[in-house]
Amino acid sequence: MRFSGLKILTEGLTGNRGWTPHWRDPAPKPEYDVIIIGGGGHGLATAYYLAKNHGITNVAVLEKGYLGGGNVGRNTTIVRANYFLPGNSEFYSHSLKLWENLEQDLNYNVMLSQRGQVLLSHSDGQSDALIRRGNAMRNQGDDAEWISPEYMRKNWPYLNFDSPRFPIYGGLMQRRAGTARHDAVAWGYARGADQRGVDLIQNCEVTGIDIENGVVKGVQTTRGAIRAGKVGIVTAGRSGQVAAMAGMRLPIESHVLQAFVTEGLKPCLDTVISFGMGHFYISQSDKGGLVFGGDLDMYASYAQRGNLPMVEHVAEAAMTLMPMIGKAKILRSWGGIMDMTPDGSPIIDRTDTDGLFIDCGWCYGGFKAVPGSGYAFAHLMATGTPHKSAERLRLDRFRTGRGLMDEEGTGAQHNLH
Ligand SMILES: Cc1cc2nc3c(=O)[nH]c(=O)nc-3n(C[C@H](O)[C@H](O)[C@H](O)COP(=O)(O)OP(=O)(O)OC[C@H]3O[C@@H](n4cnc5c(N)ncnc54)[C@H](O)[C@@H]3O)c2cc1C
C-alpha cells in the first residue's frame, strides 16, 4: 500500500476501511542470512538499506520490546550536520542529505522540519571557535551562517541578551538543520523494511550469541535459537550488555539522559536554540509544547528514567537563557539510556568474530544519525568494507589511541561528552 493524497481522500470518503497494518507480525524462522539485534532507529534503518541497496532480504530484526520503544522514540528530535572534526563531519553531512529525501524514499511522512538550529556564543573566544566550525562546515559543502544579536533580538526577543554572566554575542546557524517526528522515523523504516521482505520480530530478546571457532553462527533468544550468517549488534544503551554475550568489553558507559516538554503554547520559537554556556537546548513541537533537555544525569545506569537534581540543573539553564520559560508548566519528562564513548563519537565496525558487526556509541546524538548509520552499517555488513562516510568510525581507535574524535575537547570521560 502506497500513501498518497488520493489514498487519503478515497479512504476518507469510504469510511477508512482500507488501511492495512504497517508491517506483518511473523514468527521467527530457524535461519536468516542476517540478524539485526535491536529494533530502534539504527537497527530498522540498517535492515531497510540491506534490502533496498543490497538486495539482502532474508533478514530478521529482533527487538526485545516493541519497535521504536527505545531511544528512537525518546529523543528531542533534533537533526543537524554541524560537526567539526573529520570523521564526524562527513558522516553527519551524508546523513543530513539522506534526511532531505527520506519522506520520498520511504513514502512516509516523518515530518522533517528544516527550521534551523543555532548554537549561541557568549564570548569572543566562543565566537571564534564557532566561526571556525562554520567555515569547516561550508568547506565540506554544508550550510552555515553567522547571525547577529540584532537578528536574534528581532526573532527571539525573550532571550536574555544582556545577562551580566552570559551575554549573547551571536550564533552559528545551520538552516538545513531542524526536527523530525521521531517515532514516525522508526515506523517509516520498519514499514519499508517489511515491504521488502524483512521479518520484524518483537518481544524477542537476544540472550546469547553463538560463536564457533571465531565465526558467528546465530543467536539465542527468548523465542528460541536462530541461526544466521551475519549478526549486527545495534542496541544503543544496551550495547555493552549485548557485546558481552560475544565476549567483548566495549569502551562504553551507559548513562541516563532526560528530556522535558511543556504544555502547548502559541508559536513562539521557530528554530532550535542551543545555549552556549551550559548544556541546554530547546525547540517547539508542532503541537506547541516547548521540548528541551540538558546534561546527562552523570552516573552510569540502565534505568530509563532520571532524577530530580538534573531537573533542577536543566531548569536553571533554561531560566538563565530565557526567563519567560518560568511561566510555562512542564507536562512530562522522561529518560533514555545513552551509549557514551570516551571521545563522544560513534562506532560502526566489524568485530574480531567473523560475521559479527557492531553499530553503537551514539551518545545523545544518534537520532540525526539514523539514516546515515543504517546506510553505512548495511554497506559494511553487505560488502565487508566500510562506507566512505563512516571509514573513521572504528572500534580500535580506543585501543590504539589513533583517530579519536573528541569533538568537544573534554577528554576521555564518557559522561562529559
Ligand atoms: C532524552 C533524549 C534526547 C535525545 N535527543 C536527541 C536529539 O535531539 N538528536 C539526536 O540526534 N539524538 C538525540 N538522542 C539520542 C538518540 O535518541 C539515540 O542516540 C538513538 O536513538 C540511539 O539509536 P537507536 O534509535 O537505534 O536506539 P534504540 O531506539 O534505543 O534502539 C535499540 C533497541 O535495542 C533493543 N535491545 C536492547 N537489548 C536487546 C536485546 N538483548 N535483544 C533485542 N533487542 C534489544 C532495545 O529494546 C531498543 O529498542 C536523545 C536521546 C534521549 C534519551
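Student: In β11, which residue is the bridge partner of G218?

Tutor: The partner of G218 in β11 is R227. Before we look around that pair, remember that this is a predicted model, where local features need pLDDT of at least 70 and side-chain atom pairs pLDDT 80 or more, while totals for chains, interfaces and linings use all residues. Residues are numbered from 1 along each chain as its sequence is written, and side-chain values use heavy atoms, leaving out hydrogens and water.

Now to the strands themselves. Strands (E, at least two residues) and helices (H or I, at least four) are DSSP runs numbered from the N terminus, and two strands pair if DSSP finds at least two bridges between them. β10 pairs with β11 (residues 224–233) through 4 bridges, in the antiparallel sense. These two strands form a hairpin with 2 residues between them.

On to the other partner of β10. Strand β9 (residues 206–212) and β10 (residues 215–221) are joined by 6 bridges, again antiparallel. Follow I209 across and you reach V219 as its bridge partner in β10. The β9 and β10 hairpin also has 2 residues between its strands, and there N213 takes a positive phi near 50 degrees.

For comparison, let's visit the open sheet. Its 8 strands follow the order β5-β6-β4-β13-β14-β15-β12-β16, with mixed pairing. At the edges, pairing on one side only, are β5 (145–147) and β16 (330–340). From one strand to the next, the twist averages 25 degrees. Angles here run from 0 to 180 degrees between N-to-C directions, and axes are lines fitted to C-alpha atoms, for helices over the stretch in contact. Helix α5 (residues 124–139) packs on this sheet, touching β4 (117–121), β5 and β6 (170–174), and its direction makes about 150 degrees with that of β4. Contact means heavy atoms within 4.5 Å.

Within the sheet, β12 (residues 253–264) and β15 (residues 289–300) run antiparallel, joined by 6 bridges. Helix α9 (residues 308–321) lies across β4, β12, β13 (272–274) and β15, at about 135 degrees to β15.
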